[in-house]
Amino acid sequence: MHEILDLLQNNSRLTAAQIAVLTGRKEQEVKTMIEKLEADKTIIKYFTLINWEKAGVEKVSALIEVKMAPQRDVGFDAVAERIYRFPEVKTVHLMSGAYDLAVLVEEVTMKEVAMFVATKLATIENVLSTATHFVLKTYKQNGFILEDKESNKRLVVTP
Amino acid sequence: MRTKWSEYINPAVQQIPPSGIRRFFDLATEMEGVISLGVGEPDFVTPWHIREACIYSLHRGRTTYTSNHGLLELREGIADYLSSQGARYNPRKEILVTVGVSEALDLAFRTLICPGDEVIIPTPCYVSYLPCTELAGGVPVTVATSMEDQFRLTADKLEAAITPKSKVLLLCFPNNPTGAVMDRENLLKIAEVVRKHDLLVISDEVYDRLTYTGQHTCFAALPGMQERTIVLNGFSKAYAMTGWRLGYAAANEEFIAAMTKIHQYTMLCAPITAQVSALEALRHGKAAMEDMVAHYNRRRRLVVQGFKEIGLPCFEPGGAFYAFPYIGNTGLTATEFAENLLLEEKVAVIPGDVFGPGGEDCVRCSYASSVEDLTEALQRMGRFLKRRGLQNSKVVYI
């Protein structure tokens with residue numbers, strides 16, 4: 001099962017038939033397994049990793065450190081939810097260490113990010129402080145190097 | 001000066017035919033858009049942590065000679081690995097680090113072979129085995145394995161090849177070019193013949209980690225075999241380190257001492273940079289290696305299934321990264337098949353006859369390429385067969 005997940009994580013366009021050949025299983029068996037994994041939300045979504053810069057689309061990302069006061073019974077969860085419901089928030093992690101939430105925000109301009117932090121994020125009750133770090137360049141994302149200059153120049157024929 | 005340079009060249013060298021692969025290489029190199037299944041090395045680059053360890057070693061100025069035997073730490077790591085395979089060696093006296101398995105093989109031959117000694121070599125085999133035997137003054141005696149036997153050496157065939165001059169048996173499993181593996185049961189039968197006729201064994205196990213069906217058995221780990229076996233292995237295939245040129249030999253103390261005499265005067269030592277990197281591979285390379293092996297295994301299934309679908313009979317290779325499909329039913333010789341396939345469909349495969357008797361009706365296809373390239377190559381090969389009315393011909397030997 002893990003092998004199927006690995007393959008799909010790397011290339012979600014693989015068909016059940018292809019996965020069956022690669023893993024030495026029957027196609028129907030793979031189909032059933034994938035359906036089950038989708039049904040129980042082990043597989044949440046299929047998406048495509050896009051280098052937007054190459055597509056000529058300007059996007060601004062910022063990693064925002066959020067410190068907050070935990071609440072009785074729910075800890076950080078309630079505040080986290082108020083934050084992750086915003087569509088401009090792409091990723092939210094609860095962190096150990098110097099701050100509590102790592103919030104990745106994506107907007108079209110820097111000003112929009114700043115406005116989001118100032119008017120939406122920082123004003124949420126129990127948010128104690130924020131620190132915004134703008135992303136200057138993405139080298140690697142989801143395990144993939146975006147502009148891999150490394151090449152493997154093997155000879156065409158070797159013994 | 002004599003009129004021709006050839007008059008100066010040692011006849012023993014002159015007699016060696018140029019590599020059959022070479023001619024093919026020239027042809028394939030000149031063409032654009034070729035998908036090559038002719039490459040006998042991983043398509044992965046060396047894992048980053050190994051390269052990073054290499055860079056760090058250079059920063060620290062580790063640029064000197066090492067002991068002739070190789071870094072002791074590395075030999076200890078190698079001994080630990082071999083011990084995990086069931087063969088115990090003293091890292092101080094029974095292991096020699098060499099410049100690739102190629103050097104180890106040459107040293108073993110030169111240390112062992114007296115003029116006229118016969119070396120029994122199961123074929124199809126790696127292209128250097130026969131010439132290196134001859135250069136060392138030995139006489140190669142080939143034993144053709146067959147697809148019916150899954151390209152394994154059988155005890156009967158070995159027995160039939162033995163003469164009073166037989167001295168050493170050269171084994172290479174998992175095998176280049178066939179992808180054949182020999183399990184413990186198969187090897188025990190060979191070991192019996194080896195003992196009966198008092199042979200030595202050189203066991204080239206460079207593809208040992210790339211075993212997909214069952215468990216690899218180190219020949220020296222068989223009962224009573226360590227004392228008469230020279231194990232050769234290296235880092236090229238398992239860790240995608242072909243260009244680093246690092247291998248080793250493990251054998252009896254006296255034999256290693258004798259090999260080391262030649263090594264110290266011809267090579268001095270293997271490059272320290274490669275040795276440091278190999279040590280990093282042994283210490284921390286398991287996860288990356290296993291990941292690469294998983295990739296090869298998927299591609300192996302892909303090509304075996306692919307050949308089945310396009311109608312090329314192929315036995316299921318259990319190791320290395322080669323498939324060796326049978327092309328005898330195409331009416332073409334292996335060379336004609338490979339040349340026509342290259343010219344018509346721009347897919348490079350290696351004609352099986354260059355690997356010696358038994359390979360005449362097969363071609364070697366390396367699956368150390370991306371799934372995309374392999375899929376495209378299989379489609380092109382299917383087209384090639386279809387044009388000859390051969391697609392989906394009866395599949396045998398599966």
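**Conventions.** I number residues from 1 along each chain as its sequence is written, and I letter chains from A and number ligands from 1 in the order in which they are written. Since the model is predicted, local features need pLDDT of at least 70 and side-chain atom pairs count only at pLDDT 80 or more, while totals for chains, interfaces and linings use all residues.

**Interface.** I looked up the contacts between the chains (C-beta atoms, placed from the backbone, within 7 Å). Twelve residues of chain A touch 21 residues of chain B. On the chain A side I find six nonpolar, four polar and two charged residues. Here Ala, Val, Leu, Ile, Met, Phe, Trp, Tyr, Cys and Pro count as nonpolar, Asp, Glu, Lys and Arg as charged, and the others, Gly among them, as polar.

I checked the UniProt record for chain B. Its unreviewed entry places "domain: Aminotransferase class I/classII large" on residues 33–380. Such annotations may be inferred rather than shown by experiment. Over residues 33–380 of chain B I read 40% helix and 14% strand, with the end C-alpha atoms 12 Å apart. Helices (H or I, at least four residues) and strands (E, at least two) are DSSP runs, numbered from the N terminus.

**Sheet in chain B.** I traced an open sheet of seven strands in chain B, with mixed pairing and the order β2-β8-β7-β6-β5-β3-β4. Strands pair if DSSP finds at least two bridges between them. β2 (95–98) and β4 (139–144) of chain B are at the edges with a single partner strand each, so one side of each has no neighbour in the sheet. The twist averages 20° from one strand to the next. Within chain B, β5 (residues 166–171) runs parallel to β6 (residues 200–204) over four bridges. B:Leu169 sits opposite B:Val201 in β6(B).

**Helix pair in chain B.** I took axes as lines fitted to C-alpha atoms over the stretch in contact, with angles from 0 to 180 degrees between N-to-C directions. The axes of α4 (residues 72–84) and α10 (residues 272–284) of chain B come within 9 Å and cross at roughly 35°. From α4(B), B:Glu73, B:Leu74, B:Gly77 and B:Tyr81 meet B:Gln275, B:Ala278, B:Leu279, B:Leu282 and B:Arg283 of α10(B). I class these residues as five nonpolar, two polar and two charged.

**A:Asp73.** I found A:Asp73 in the loop between β1 (60–68) and α4 (77–84) of chain A. A:Asp73 is exposed, with 7 other C-beta atoms within 10 Å. Exposed means 12 or fewer such atoms, buried 20 or more, and partly exposed in between. The C-alpha atoms of A:Asp73 and A:Glu58 are 41 Å apart, at 15 residues along the chain.

Note on methods: Contact = placed C-beta atoms within 7 Å.
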